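Here are my notes on the model, point by point. Please read them with the structure open.

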Amino acid sequence: MPVDSFAELRRPLPVWTPRAWRFAAMRAAARAGALLSDGLRTGYRHGFDSGPFMAHVYANRPSGRSALGRAIDRRLLARRTCVAFRDIRALAQVAVREAIDATGAPEPLVADLAAGPAPYLLRALAERPAARALVCDIDEAALAAARAAGGELGVADRASFVRADAFDRAMLSALRPAPDVVVELGLYGIYHDDELIERHFRDLAELLGPAQVVFNVQTRNPEIEHIARVWRNAAGERCVWRLRPVEQVLGYAAAAGYRPAWVRADRFGIYRVARLERAP
């Protein structure tokens, strides 16, 4: 589905159309499947864009009530979007490690401004013992999961956990010391306002000025309409995600003074991960 179909995805389908009936049947089937599949149950309880659902996808271990529940869960985890999530996790971990190394700082500080359970950052911390982290999210449950994961990995003493909004200028201004690396993964697709994303890059450059930025963006997805009309987000609303060309976001970054060190895609080309460096 093309990027300019975003407005169409936000509009409910007319109830008398065959497409509306088809997606209504899919919703009913998914809701019924959630009685058995742990992944579907987690998605409907917390949101298919939530930290708990992403943790289930990353674990990639089908689970549920009965063999049928596990089979339904296995089918969910095999969806292209879920496979792409796992590909992107691996690419993001590489990007965060490389960004830390590229700073050249003796004790680099990495801030993940919308961390969720922070899997990329905490793994990088475990592999880079000199690094420190600032883990931010607006969701207390996500921060609790990140704290628990930090404890399991033995890096909690090098991480601070703060409830904060990545787009809050006052919060960004208050971050001291300023981070060497900023990580923003999974953030842009759930915010629909292009001007908000563009302004955010300017705020990063003006208020924090990190040497490196790591982000991802969803550029295309053949399952995007299914997600929008069947899945629900953390707010309990339809899970309408915004597709953006990677060139658009790189343009925002360039205007703020950042250039790509590299850009890589998952096996299906659904997402791009970019590691940016501040232009000299």
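**Notes on the predicted model**

1. Start with Asn-233. Asn-233 sits in the loop that joins helix 11 (224-230) to helix 12 (246-255). Helices (H or I, at least four residues) and strands (E, at least two) are DSSP runs, numbered from the N terminus. This is a predicted model: local features need pLDDT of at least 70, side-chain atom pairs count only at pLDDT 80 or more, and totals for chains, interfaces and linings use all residues. Residues are numbered from 1 along each chain as its sequence is written, and side-chain values use heavy atoms, with hydrogens and water left out.

2. Is Asn-233 buried or exposed? Asn-233 counts as buried because its relative accessibility is 16%. Buried means under 20% relative accessible area, exposed over 50%, and partly exposed in between (1.4 Å probe, protein chains only).

3. Next, the surroundings of Asn-233. Neighbours within four places in sequence aside, Asn-233 is in contact with Gly-47, Phe-48, Asp-49, Arg-238 and Cys-239. Contact means heavy atoms within 4.5 Å. The Asn-233 side chain also reaches the backbone nitrogen of Ala-235 at 2.9 Å. A polar contact is a pair of N or O atoms within 3.5 Å; within protein, one must be able to donate a hydrogen and the other to accept it, and residues adjacent in sequence count only if both atoms are side-chain atoms. Arg-275 is 42 residues from Asn-233 in sequence and 27 Å from it in space, C-alpha to C-alpha.

4. Now the whole chain. The protein chain has 12 helices and seven strands. Its radius of gyration is 19 Å, close to the 19 Å that the globule rule gives for 280 residues, so the chain is as compact as a globular protein of that length. That radius is taken over C-alpha atoms, and the rule is 2.2 Å times the number of residues to the power 0.38. Along the principal axes, the C-alpha atoms fill a box of roughly 60 × 40 × 35 Å.

5. Of the contacts with a separation of 6 or more, 71% are between residues 24 or more positions apart.

6. Helix 4 (residues 51-59) has these buried residues: Gly-51, Phe-53, Met-54, His-56, Val-57 and Tyr-58. Their cover includes helix 3 (38-46), helix 5 (66-77), helix 6 (80-103) and helix 7 (119-127). Asn-60 follows helix 4 and has a positive phi, near 55°.

7. Asp-87 belongs to helix 6. Asp-87 is buried, with a relative accessible area of 15%. Not counting residues up to four places away in sequence, Asp-87 touches Asp-266 and Arg-267.

8. Cys-136 lies in strand 2 (residues 132-137). Cys-136 counts as buried at 1% relative accessibility. Which residues does Cys-136 contact, leaving aside its neighbours within four places in sequence? They are Asp-112, Leu-113, Ala-114, Ala-115, Leu-143, Val-162 and Ala-164. Tyr-58 is 78 residues from Cys-136 in sequence and 20 Å from it in space, C-alpha to C-alpha.

9. Last, Thr-219. This residue is in the loop between strand 5 (212-218) and helix 11. Thr-219 is buried, with a relative accessible area of 12%. A polar atom of the Thr-219 side chain lies 3.4 Å from the backbone oxygen of Gly-269.
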